[in-house]
Every structure is written in C-alpha cells, then in structure tokens.
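User: I am new to this structure and would like to learn how to read its features. Please take me through them in turn.

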Amino acid sequence: MSQKTISTHACDYDVAVIGLGPTGATLANLLAIEGLRVLVLERDKDIFALPRAVHFDGECMRVFQTIGIADTLLPKLFVGPGMKFVNAAGKLLIDWQRPTCIGPNGWCASYKFHQPDLENALRERVALQKSIDVRLRHEVFALDETGEGVQLRFEDTSCGKLGRATARYVVGCDGARSIARRFMGTELTDLKSHERWVVVDVMLDGPRPDLGDFSIQYCDPARPTTYTRGPGNRRRWEIMVMPGDDATQLASPEWLWDKLARWISPADARLERSAIYTFHSVVANGWRRGRLLLAGDAAHQTPPFMGQGMAAGIRDASNLAWKLGAVIREEAPDSLLNTYESERSPHVREFIETAVHLGSIIQTTRPEAANSRDCEMSDAIRNFVTPQPRLGPGACLDESSAMVGHIAPQPRLADGRLLDDVVGYRFALLVLPELLAGSDNIAGHAARAGVQIVPSEDAVREWLASSGAAAVLVRPDRYVYGVANDTASLRGLLDHAFPSVLTASA
C-alpha cells in the first residue's frame, strides 16, 4: 500500500463501512449512536428481495433494541421453539428445546425472520442518521492505508464515475469474498466442513400445522434434509447434494418438488427461491491490520446448523462500534481495537465448531456409520443446550469471576422499561446503593467516564445477589467488564476501565 500522509482532521469520515448487509447496516447504526461520521459503500442498488438468513437470537434482538428497530421487527417475527434431530426411522436423536418465553436477555431465545424485513428496518434507521453517508452501487477497488487514515477508491457503477474518500478506519462487512480481507492479506483457517446443499424457500398457500413449528434435521443417510419454519407461511427446506445427483437438475422445479413430495406438493405452495450453497466453516487469521478491520462473513463463515451465521456478524458490530468510538474520540488507545479479534474470534469459533459437530451428525451418508451413530444415542436423548461462550481475553478485568466476559441479563425495571433502554449504548454500573454511598465520589468519577449508574431496585438487586457481587460494570455491548464487592475493588474496577478519568480527577 502507498504511504501517503492524511491529516487526522482532514479525513472525510471517521469510519468507512464496506457493505450494507445486516452486519454493515447494524455497524453503521451503532457508529452513528457513537456520534461518528460514517461512509457506507454498497455495490448493489437494492436489498436482495428473497430469503437468505432466517434466524437470530435474543442477544441480536438486544442490539436491534439498541438501534431502535425491535418494535418494528417484532410483529413480523416467529418465536422458534427449537430443533429436533431424527434418524431415518423417525427416532429422536437430539432434542434442542428453545424456551418461547422471555429469557434473560429480555427477549425470546430464538426468532425466525424474513431477511428483507430486517434489512429494510436497518436501512430505514440508517436513513434517519444525519452522520451516515450511504452510496449504493459503489464498488470499492482500492484501499490505500496511511499512518493517519485510509484512502478508499471506488466506482459508481451506475455511471462508471471513479471517486475517492478518506476515513480514519475501514471495516469490511463485504461478505465471504471480501475485498477488504484481500487488501489485508488475511488468510482463513479451515475448520473442515464444506458440503453442498440446495436451499429451497417456499410460500404455503395456507396454514399447515402438521408441518410443525420445530425445525427438524432429518439425519437420513439416503438424503440428509432440514425443515425450518419461518414467519407466516414461509417455510424452508435444505437438501444435501448427494453423489450421483445431476448438477444440471438441482435447481429445476421437477427435482425440487420430487424431493419435497414427502411434505408438500405444488397444490400446497409455490417455490419462492432455490439456491445451491457450499456450507463453509472458516475463521480469518487477522481481523485487523492497521486501520483495516473485518466483520461478519468477511471474518468467519459457519454451516447453518445452529442458525448463528448472521447472528455472529451482529455480535461483531456490537463489539466493535463502541471501541471505534472510544479510540476515535481519544478516550482509549488504538490498542483497544486489538481486543476485537482476541474477544470475538474464540467466541465465534466455538459456535462454528459446534455447528460443524452437529453437521457431522446430520451429514452422515454411510448407512453403517449412521447405524453406529444411532446406537450411540439410543440409550438417552441428547438434550442439547445452546453454547454460552465467554469472550476471549480483551477489554475486561482479568479476574476469576465467572460473570466476566459473559453477556449480562436485561431485566425489566419497575417503571416498565428494559435495562438497555435506560442505559443506552454505553457502559453501565449496576451497584448496591450502600456501596455507592460509602465510596469516595465514585458516582462523580462514573459520570465523568460516561457510565450510566443503574438504579438499584428489586430486579437489579436480585441479579447482584445471584451473582454474589455488590457492583457489576457492563460494557456497551452488554458483556460484563468486571465485578466489585467493596469500595476498594469498585474503585479499582473503574480505574482499570477508565484510568485517564480517575487519574485526571485524583
């Protein structure tokens, strides 16, 4: 890359985001909340109008709540009750129950959605942010990093006009074939799962309660298949491509209806979309190089067997946005951005490795291997529990508390508001009032650091009591930074998180 000099104050934008899919649009919205100037370059003209991702979880819903679109999305969602794995004889192998009631995140554990609905809501929110400049049909072809910023060169493909802009940082949210990743020279770690599947989305003509609300993984060695319910009358089947399949026929209506005949016929539904995918499992080695960063599919790709592909990108955006804000406002050193990969990579890797393991159960195609698999599970149904991985090492207090590095719950407070609505996208201190009263101006220090002190009411006291802590510091992405049990440890916690604020006020 060239080594031109760009003055910090001469940069046109604080952050440039390449790609306006769910990850890029979420990141842009959060960066706007951080008060940053954002450029978004998206190569396509319109939102892809057909289904792609179909699931997100309660943690993602908290991010959408922070952005301000949760209430818009809610009427268009279906709460998923979980997933069942059955063998060729219909015997239950794995029972993955997802509670349909409100959970610790303040939302349900599993939501099924139509991706264009989500993207429209995200883009409508982006359009309300005066600090976001969106340029559709703009394709990036060069990134020239300097000591002070990045120069982006791009083409307006609607007319062929070339343009350029500068930004302090660039985040590639541009998918599996990311140009940002190529400029960074980042390689991918292969987690060894690459199978071809045909994904078929249909619209039912009317209700079909017999199909069920649970997702079903048909672990049949003759033809592994997945069924998923979506909102309304949307349904999806994923059909594994087998040896001997005629590649020229995989997308034909005749082939598709033949494979769907067990469940539906053309008299029951219409085909909305079919696509042949290779379900990859990879993680990038290097999510940051200088002022270039990666998020979403540009940084990791997972098989769909846990429904965590898009969700991982939403978590990336929530982790990264507040860090970029703190660095650009010079409230934290640039090294804070190194914690993005160190925290997120092991977290997302656990989800991918779990999806690969589940995929190995589903994608067993040798009958003798399937028989062995079934026998191993015959004594007891495996009750699968969704992983709750801890963040890797990074921007947390390095201590033995089991809470640190895990997402904090979101109770509903006495006035009816959810905790995140009270806090906003910033640090929060949940603390017993007696500890706060006995601390030397801790409230003042917290205020100067931009920390929201949460009123200690019953819901907060219950959580603190259950965790055995007198105070918990929660990051803007809702992960626990650290805990304290007395005045000294509380001051130490804030000093660790905001050393410049406490030093200046000492």
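Analyst: A charge sits over a ring if NZ of Lys or CZ of Arg is within 6 Å of the ring centre and within 35 degrees of the ring normal. The model here is predicted. In this model, Arg 229 lies over the face of Phe 78, at 4.0 Å from the ring centre.

User: Which residue lies over the face of Tyr 169?

Analyst: That is Arg 291, at 4.9 Å from the ring centre of Tyr 169.

User: How do I read two rings that face each other?

Analyst: Two values describe a pair of aromatic rings: how far apart the centres are, and the angle of the planes. Ring centres must lie within 6.5 Å to form a pair. By this rule there are 14 aromatic pairs. One of them joins Trp 197 and Phe 279, with 5.8 Å from centre to centre and 25 degrees between the planes. Planes under 30 degrees apart count as stacked, so the pair of Trp 197 and Phe 279 is stacked.

User: Where do Trp 197 and Phe 279 lie in the chain?

Analyst: Trp 197 belongs to strand E13 (residues 195-204) and Phe 279 to strand E17 (residues 269-279), so their pair ties together parts that are 82 residues apart in sequence. Trp 197 and Phe 279 are both buried.

User: What kind of aromatic pair do Trp 287 and Tyr 340 form?

Analyst: Trp 287 and Tyr 340 form an edge-to-face pair, at 5.3 Å centre to centre and with 70 degrees between the planes. This pair links distant parts of the chain, 53 residues apart. Trp 287 is in the loop between strand E18 (282-285) and strand E19 (288-289), while Tyr 340 is in helix H8 (residues 338-362).

User: Are Trp 287 and Tyr 340 buried or exposed?

Analyst: Buried means under 20% relative accessible area. Trp 287 counts as buried because its relative accessibility is 0%. Tyr 340 is also buried, with a relative accessible area of 0%.

User: Which residues do ring pairs link into a cluster?

Analyst: The cluster is made up of Phe 56, Phe 64, Tyr 111 and Phe 113.

User: How do I read a helix?

Analyst: An α-helix has 3.6 residues a turn, so residues three or four places apart point the same way. Take helix H1 (residues 22-33), which has twelve residues. From its first C-alpha to its last, H1 reaches 17 Å, close to the 16 Å expected at 1.5 Å a residue. H1 is mostly covered, with eleven of its twelve residues buried. Among them are Pro 22, Leu 27, Asn 29 and Leu 31. Just after H1, Gly 35 takes a positive phi of about 80 degrees.

User: How do I read the packing of two helices?

Analyst: The angle between the axes and the distance between the axes describe two packed helices. H1 packs with helix H2 (residues 58-67) at an angle of about 50 degrees, and their axes are 10 Å apart. That angle makes H1 oblique to H2. The crossing of H1 and H2 is left-handed.

User: What is the angle at which H1 and helix H7 pack?

Analyst: H1 and helix H7 (residues 309-328) pack at about 25 degrees, with their axes 9 Å apart. That makes H1 roughly parallel to H7. Here the crossing is right-handed.

User: Where is Thr 157 placed?

Analyst: Thr 157 is in the loop between strand E10 (150-156) and strand E11 (161-172). At 29% relative accessibility, Thr 157 counts as partly exposed. Thr 157 and Lys 45 are 112 residues apart in sequence and 9.5 Å apart in space, C-alpha to C-alpha.

Notes. Residues are numbered from 1 along each chain as its sequence is written. This is a predicted model: local features need pLDDT of at least 70, side-chain atom pairs count only at pLDDT 80 or more; totals for chains, interfaces and linings use all residues. Side-chain values use heavy atoms; hydrogens and water are left out. Rings of Phe, Tyr and Trp (its six-membered ring) pair if their centres lie within 6.5 Å; planes under 30 degrees apart count as stacked, over 60 as edge-to-face and the rest as tilted. Helices (H or I, at least four residues) and strands (E, at least two) are DSSP runs, numbered from the N terminus. Buried means under 20% relative accessible area, exposed over 50%, partly exposed in between (1.4 Å probe, protein chains only). The expected span of a helix is 1.5 Å times one less than its number of residues. Axes are lines fitted to C-alpha atoms, for helices over the stretch in contact, and angles run from 0 to 180 degrees between N-to-C directions. Angles under 35 degrees count as roughly parallel, over 145 as roughly antiparallel, 65 to 115 as roughly perpendicular and the rest as oblique. A crossing is left-handed if the near helix is turned anticlockwise from the far one by less than a right angle, and right-handed if clockwise.
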